[in-house]
Amino acid sequence: MSGRLLVVGALNVDMVVTAPKLPGPGETVVGADLQRHGGGKGGNSAVAAVRSGADVRYVGAVGRDELGMTALAELRAEGIDVTDVVIKEGSATGAALIVVDSVGENQIAVAAGANAAVAAQDVSTAVERASGWPGCVLVSTEISVAAVATAVEAATAQGWLCVLNPAPVEPGIRELLKLAPIITPNQGELRDLYRLLGEHGDPPVEMMAAAVASHTRAPVVVTLGADGVLSCGADGVSTRIPAGSARRVVDTTGAGDTFNGVFAASLAAGEDVTSAARRGVVAAALSVESAGARTSMPSAPTIDVVLASADSTNT
């Protein structure tokens, strides 16, 4: 699989403690050691995409510090073009503080740092450089709303496919939904989008997805963790794609980012939404088998083997 993907989003360094359980309010839990990994929804998705076979250019920001230089070196080592990563003077590189429990569930607190300083002009400049290049643009919302808006608007103007991962859902993205990006929320984010559009109550996920899709006039692909993915077309018709089987669940951090990166890369390579979502689900399942958001992100051949095995089982 090959395709050209422009990723616009946050780049962090993850500080991870594995503990027996997640802490409650005011509670201290003790883990064995501290691990450091590359992170951020944009950076993670870019790594997942390039490992799945895409040609990837990344747009974001870091601080002029050791964490930032290490983060960029890690992306370069994966084969990602970081020409459009801006070094923000006076800002620290983004960082995430993560606790992972014994069954792989996590709690995350993020210091945005340089990610909050990604400017609309930074994105405009990157898009101009990429003119005519990508098959798809993947945008996540851990950066400023102005930068997100510029990315989605530019993708629409260029006629590129655009995937918007609304994590988190910011009120400022409501107007962007009219530009018909493909939306990839998790179930909580879908509920936030549903309410952002003025809807009330807490209906089943299929009804919420159909309501959002009727507004965007584009597919809505909802990640459901261990329950896989629900893909809802612009016509309101939903399809369930079951989760792949992980041999073991060590750390779910970055599973959604893995899905988004592989999903967008697959769209860039010309696959339809259902096929792209299926590849993304398999990749996400594989990604939870080691600690760290990127450690178990799979290669294209690994994804192909699992898909082929699933196809043979179903025939």
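**Salt bridges and burial in a predicted model**

A search of the whole structure finds 13 salt bridges. This is a predicted model, where local features need pLDDT of at least 70, side-chain atom pairs count only at pLDDT 80 or more, and totals for chains, interfaces and linings use all residues. Residues are numbered from 1 along each chain as its sequence is written, and side-chain values use heavy atoms, with hydrogens and water left out.

Q: Why is the pair Lys41 and Asp257 called a salt bridge?
A: The term needs a side-chain nitrogen of Lys or Arg within 4 Å of a carboxyl oxygen of Asp or Glu. Here N to O is 3.4 Å, so the pair qualifies. Lys41 lies in helix H1 and Asp257 in helix H7, so the bridge ties together parts that are 216 residues apart in sequence. Helices here are DSSP runs of H or I, at least four residues, and strands are runs of E, at least two, numbered from the N terminus.

Q: What makes Arg279 and Asp304 a salt bridge?
A: Their side chains meet at 2.8 Å, N to O. The pair joins helix H8 (residues 273-287) to helix H9 (residues 300-314), 25 residues apart in sequence. Arg279 is buried at 6%, while Asp304 is partly exposed at 38%.

Q: What makes helix H1 mostly covered?
A: Nine of the eleven residues in H1 (residues 41-51) are buried. Among them are Gly42, Asn44 and Val50.

Terms used: Buried < 20%, exposed > 50% of the residue type's maximum accessible area, 1.4 Å probe, protein only.
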